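Let's take a friendly walk through the side-chain packing of this chain. Have the model open as you read.

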Amino acid sequence: MFASDSSLDGDAALQPPEDNSHYLRAVTDMADHCHVTTQEALYTDRGIKLVDKDVRVDSALYDRLVRYKLRGHIDDHLAVQDMVSVSSLVQEAAAQCEQDTLAYLLVHTLDAMAVERLLAPVRSLVLPHALAFKLTVMREQHRDLYIHSVRMMLVSVYLGLKSGMSERECVHLVAAALLHDIGTLHLDPIWHDSGTRVTGAGRKELMAHPITAALIVQAQNLYPRSVPQAILEHHECMDGSGYPRGLQGEQISPMGQILLVAEVASAFFEKYANEAAAQRLSLTLRMSHRKFPAALVACLLPALNIRAVQASLQVTSAQVHALVELLSQTFADWQTRSGALAPALLAAGSGQACAFVTQRLATLQKTLFEAGSHPQQQAEALAYLEGDEQGLAELALLGREALWQLQSIIDATHSRWPQLHEGRGPGDQAVAQWGGAFTQRMAQAELTQAA
């Protein structure tokens with residue numbers, strides 16, 4: 001971890017995190033179905049030999065590895081057959097340009113629809129053994145994450161080219177985008193299970209993964225400082241609501257801004273692959289304009305307007321009405337709970353979770369009004385949209401985006417104040433109860449729709 005928030009900007013030599021039990025498990029499990037061997041003998045930090053050179057590795061080695069602190073990092077000592085390489089990355093990226101909806105849209109808004117413009121910077125990438133090994137672990141053990149990283153790489157190159165970067169400059173962008181999630185290999189496997197939602201104090205581990213990835217990449221001493229810096233910033237937001245450092249505006253580097261937009265774009269097309277992903281993303285980028293750099297959003301929006309290969313969203317007026325009601329209840333619930341608290345607790349400088357929620361909800365409601373998607377406005381619009389499938393779909397997407405923003409506020413609150421569940425004071429109790437009530441309403445809404 002960094003000694004301070006600005007550690008990446010300092011001159012001190014940084015070391016990557018130790019190979020923890022989660023990463024060692026992924027490596028040794030991979031060795032059960034891939035040909036992994038030791039390039040040189042493995043030693044503990046005290047000089048005790050654990051494994052000889054040229055020995056086949058398998059998961060049985062795990063128990064021995066986790067007992068000791070190794071000398072160096074395991075990536076430097078092992079070799080794997082068919083390891084990720086620049087040529088294999090080019091092949092994967094080319095396949096995505098043909099088969100992946102988002103990559104297809106990007107290619108078809110480039111001049112002459114030239115796939116090679118996206119691939120050329122990838123061909124010039126320098127990929128050291130240790131990072132190639134980690135990417136191989138990702139490909140073999142967390143395939144979706146590997147596909148996501150390649151998708152991120154393509155979106156980032158597209159945004160770089162569209163914003164005026166040269167092909168040479170985009171080579172560094174390729175490295176940052178491709179390696180941005182390398183730190184997640186050191187996380188508990190629960191974070192790789194899309195069906196599991198971890199909340200509260202457990203989110204701190206997730207919020208550290210950009211730091212871990214930046215340290216790993218910087219320790220290679222191969223790329224310019226802008227690469228690990230952008231990796232560190234890929235979950236920041238222009239309004240300061242991101243992590244791990246809560247940077248705002250121009251505090252985020254140009255490459256970091258590209259990565260944060262590419263991250264959101266990739267995530268939407270992965271989560272909503274068959275549910276109007278482009279329309280959802282377009283609405284989100286326009287509605288949450290304070291979160292994202294306007295110039296980069298302007299580069300991306302034209303690609304999202306191509307309708308030929310995009311699925312449409314089918315909703316009923318009853319479903320939209322339920323969304324509007326859920327939003328209205330959640331806003332009203334907090335107004336009631338916060339109204340019973342002392343004004344001092346809600347003051348901006350109080351450092352209280354309830355003050356944070358009040359401020360974030362006020363900002364969200366203002367944003368919704370500006371976008372014409374506040375529950376009050378949506379309720380009025382519903383009366384005029386009966387039979388208008390496209391209008392209902394857009395209203396539903398706006399409502400779902402607002403619900404996602406509410407969940408983000410709850411997640412951010414629990415990350416900053418992990419003691420909320422203990423209910424130590426009236427402010428914490430109000431926040432915990434409000435968040436719990438929202439979760440219950442969401443669960444009930446999902447059950448109703450499924451019935």
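## Cysteines

Cys354 is buried, at 0% relative accessible area (buried is under 20%, exposed over 50%, partly exposed in between, with a 1.4 Å probe and protein chains only). Cys34 is buried as well, at 10%. The number of disulfides found is 0, where a disulfide is a pair of cysteine sulfur atoms within 2.5 Å.

This is a predicted model, in which local features need pLDDT of at least 70 and side-chain atom pairs count only at pLDDT 80 or more, while totals for chains, interfaces and linings use all residues. Residues are numbered from 1 along each chain as its sequence is written, and side-chain values use heavy atoms, leaving out hydrogens and water.

## Nonpolar cores

The largest nonpolar core holds 101 residues, and Leu89, Leu118 and Tyr223 are among those with the most contacts inside it (a core is a set of buried Ala, Val, Leu, Ile, Met, Phe, Trp, Tyr and Cys residues joined through side-chain atoms within 4.5 Å). Its top contributor is helix α7 (residues 143–162), with 12 residues; helices are DSSP runs of H or I, at least four residues long, numbered from the N terminus.

A separate core has 35 residues, including Trp334 and Phe356.

## Aromatic rings

The whole structure has 3 aromatic pairs (ring centres of Phe, Tyr or Trp, the latter by its six-membered ring, within 6.5 Å; planes under 30 degrees apart are stacked, over 60 edge-to-face, the rest tilted). Phe356 and Trp417 have ring centres 5.4 Å apart and planes at 55 degrees, so they form a tilted pair. These two residues lie 61 residues apart in the chain, and both are buried.
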